[in-house]
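Work through the two exercises below. Try each task before you read its solution.

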Amino acid sequence: MKKQPFYLPIPDDKNQEQLFYNNCSAYTFNYTNKFPEEKDSVTVYGKVKVCSTGKIPEYSTLYFYNQDTILVKKITIDKSGKYQVKLRKGIYTSIDVESLGATISVPPTHLGLYGSSMNIDLKLLRVYVLY
């Protein structure tokens with residue numbers, strides 16, 4: 001399955017602008033040796049939360065897309081917001097997390113370049129839509 005483009009709503013009036021106020025999103029990368037080294041794989045692990053509230057988002061799904069933008073792994077985040085997955089070392093065009101009303105997309109990165117594992121903590125951007 002090819003990755004579809006994702007678009008955030010653009011604040012076009014004062015009400016929408018207020019909904020975006022104080023919102024944030026972020027991710028951190030830390031190469032570690034927490035898990036044993038394997039020849040062609042890397043263990044990616046971390047925690048997911050909503051940046052503006054600090055809460056663990058329910059029903060979160062993490063997607064890994066390879067350099068051809070093809071989905072190679074889809075996992076569900078556990079109740080504590082943690083995840084762990086073993087992937088082939090290489091370039092990933094994006095790592096996306098989607099939840100009910102929250103999202104983040106990490107740009108292209110090389111997983112497994114340094115160390116046997118990588119910690120990626122993600123803080124989701126809250127998405128608001130006015131009808």
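**Exercise 1.** Is Arg88 buried or exposed?

*Solution.* Start with the ground rules. The model is predicted: local features need pLDDT of at least 70, side-chain atom pairs count only at pLDDT 80 or more, and totals for chains, interfaces and linings use all residues. Residues are numbered from 1 along each chain as its sequence is written, and side-chain values use heavy atoms, with hydrogens and water left out.

Step 1. Locate the residue. Arg88 lies in strand E5, residues 82-88. Strands (E, at least two residues) are DSSP runs, numbered from the N terminus.

Step 2. Check the area. Arg88 has a relative accessible area of 59%. Buried means under 20%, exposed over 50%, partly exposed in between (1.4 Å probe, protein chains only). Arg88 is therefore exposed.

Step 3. Look at its surroundings. Leaving aside neighbours within four places in sequence, Arg88 is in contact (heavy atoms within 4.5 Å) with Asp40, Ser41 and Val42.

**Exercise 2.** Which strands pair with E6 in the antiparallel sense?

*Solution.* Two strands pair if DSSP finds at least two bridges between them.

Step 1. Take E3 (residues 61-66). E3 and E6 pair over six antiparallel bridges. Asn66 has Tyr92 of E6 as its bridge partner.

Step 2. Take E7 (residues 102-106). Five bridges join E7 to E6, again antiparallel. Val97 is bridged to Ile104 in E7. E6 and E7 form a hairpin with two residues between them.

Step 3. Take E8 (residues 109-111). E8 pairs with E6 over three antiparallel bridges.

Step 4. Check burial. Eight of the 10 residues of E6 (residues 90-99) are buried, so E6 is largely enclosed by the rest of the structure.

Note on methods: Helices (H or I, at least four residues) and strands (E, at least two) are DSSP runs, numbered from the N terminus.
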